[in-house]
Amino acid sequence: MVLTLSPDGTEIAYVQDDELWVVSAVDGEPRQITFGAAGTGKTHGLAEYIAQEEMDRRNGFWWSPDSQLIAFAEVDTSSVPVYRIAHLAKASVGKDAEEEHVYPFAGHANVKVRLGIVPATGGPVKWMDLSCGGSDGNKEEEYLARVMWLPEGKLLAQIQNRAQTVLNLVQFDPRTGRRTLMLVEENLVWVTLHDCFAPLQKASGHLAGGLIWGSERTGFRHLYLYDGRMRCLGPLTSGEWMVEQVAGVDEKAGLVYFTGTKDGPLETHLYVTGLSVEGSKGNQGIKKLTQAAGRHAVVLDHHLKRFIDAHDSLNSPPTVLLCSLEDGAVLCKIYEPPSSDVRVQRLQQTPPEIVRLQRDDGTVLYGALYRPDASVFGKPPYRTVVSVYGGPHVQTVCNSWMTTVDMRAQYLSRKGILVWKLDNRGSSRRGLAFEAQIKHKMGTVEVDDQAFGVQWLIEQGLTDAWKVGIYGWSYGGYMAAMALARYPAIFRVAVAGAAVTFWEGYDTHYTERYMGSPQENAEAYKTSSVMHWVSGMQGELMLVHGMIDENVHFRHTARLINALTGASKEHGLMLFPNERHMPRDLKDRMYMEERIFKFLDRNL
């Protein structure tokens, strides 16, 4: 059940049995305000699987600013076949022992989505001039990516095409449903969804009705100023770094606050710049407001005078501060970890060493080294385990406390194993060109970079060339299996958890953004499959999977087992019949970690 409070705080909207309901926040009977979805394969007010999992859109309904109307998504699943997951460990059989999922596989149809508006008191639905999905072709309006209300009562939506190379920002009239195209974002690589969008609410003159919009048109996401006629006046920021979030806009003072990577891709800071394209040239007007090195997550107050700063770094656990927006000065400490926390001291968390590598073409890569204690285990070279994710939208090497408190990495290093992380090409926060290296060729450059990283460790005398393993989960599991298959002379051992083994078996939005459709790029899909490379596997492989995984289905591991068996390749297998994408039960998790360590220790 999804609950959302109205802007005026008087009512609560929620979804029950596939329909929208509203109830007073104080008293009164709930009232149903949408009808006709329940039992038909449709839902009113729920975000479909793809929106939640891949588009970062968790909501399926949105209150109007005056609390009088509710916009909602109608999702029709009839175009997508049901995928059933059996609970094989249950004592019962039949419907009680299976799940039905509406899962759109790459190259096949998505759900159909409409956008409607209904009075909060109930009444006729006004449908907007929009129909997304329902086709397995390259439809121009396939995905409803974002929905928001403007202060004056107009409704905005961001809509992507199937190939995700075009995004339309559309405004709807709630009374008529008619649409007005505001702007179009296009990129031959792909258009990355984001929330760097801020309408100008108090502007006058040519800026009245204008907005601030984030775009990767230069290869890095920056902010652009648009006037009321949706003409781009120019950039507010620029350079080979990226804006991550618009934190606030002070229209009266002419200031824009944002977080970004201006001080390096391993950092996140809060900055301020002028609301003027003239002052943005050369980024001379940009001022950094957070000073301590590391990662800063911020929330600005409504009066734009102060901000909450949640800060952490490799050497510093999270602290929460109240700071001045004028100069970033600390006004008070809201939370500061104890200087002598026995629990933290007992864990002996040693921050990893961050290193900078350069490939032959000049591409810079960042790695993290978790070294064993030389006083206990002697000088290098050491047994080595590569901890990998390697996929898009993830960064594993950064100046963050989360990098330090990787418990598996810390545990292995205390057992005499050097742990290594490398953010390969295709990973995030480095710009579009860096990420786009994997387009139509997953399992190539990112695996090449991991092999390059190990060779660098060997050249530095840190790693025993005959004792290298690799571990990963999800995309990282895919990377681990591909590394073992494609570079058998480097990787001797691999643990592949919940691995995607063939991309036709993953969802539309994620897979097609990077690989195109299977119909158009059949050869790329073939060579990106782990099964294509099984004959080259020589080392020890352990496969791990939860059998009711609704994200990366167990069929991925099952198909790989078939290929391994057909090629007479030995492999280990650890299954969890009651677990999903990652074991959550404490006993299951402890058992898994113990088994993984013993497997790595025995084979390295």
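Contact here means heavy atoms within 4.5 Å. Helices are DSSP runs of H or I with at least four residues, strands are E runs of at least two, and both are numbered from the N terminus.

This is a predicted model: local features need pLDDT of at least 70, side-chain atom pairs count only at pLDDT 80 or more, and totals for chains, interfaces and linings use all residues. Residues are numbered from 1 along each chain as its sequence is written, and side-chain values use heavy atoms, with hydrogens and water left out.

I start with a helix pair. In α5, Arg408, Tyr411 and Leu412 meet Arg589, Met592, Glu593, Phe597 and Leu600 of α12. By class, that contact has 5 nonpolar, no polar and 3 charged residues. For the classes, Ala, Val, Leu, Ile, Met, Phe, Trp, Tyr, Cys and Pro count as nonpolar, Asp, Glu, Lys and Arg as charged, and the others, Gly among them, as polar. The axes of α5 (residues 407-414) and α12 (residues 586-603) come within 12 Å and cross at roughly 40°. Axes are lines fitted to C-alpha atoms, for helices over the stretch in contact, and angles run from 0 to 180 degrees between N-to-C directions. The two helices are therefore oblique to each other; angles under 35 degrees count as roughly parallel, over 145 as roughly antiparallel, 65 to 115 as roughly perpendicular and the rest as oblique.

Next, α9, residues 508-515. How many of its residues are buried? The count is 8 of the 8, so α9 is largely enclosed by the rest of the structure. Buried means under 20% relative accessible area, exposed over 50%, and partly exposed in between, with a 1.4 Å probe and protein chains only. The cover over these buried residues includes α1 (49-53), β13 (143-149), β14 (155-160), α8 and α10 (522-528). At the N-terminal end, Asp507 caps α9, with a side-chain oxygen 3.3 Å from the backbone nitrogen of His509. After α9 comes Gly516, whose phi is positive, near 70°.

Last, a single residue. His311 sits in strand β26 (residues 306-313). His311 is buried, at a relative accessible area of 9%. Setting aside neighbours within four places in sequence, the contacts of His311 include Ala292, Ala293 and His296, and also Pro317 and Pro318. A polar atom of the His311 side chain lies 2.8 Å from the backbone oxygen of Ala293. His269 is 42 residues from His311 in sequence, and 9.5 Å away in space, C-alpha to C-alpha.

Definitions and conventions:
A polar contact is a pair of N or O atoms within 3.5 Å; within protein, one must be able to donate a hydrogen and the other to accept it, and residues adjacent in sequence count only if both atoms are side-chain atoms.
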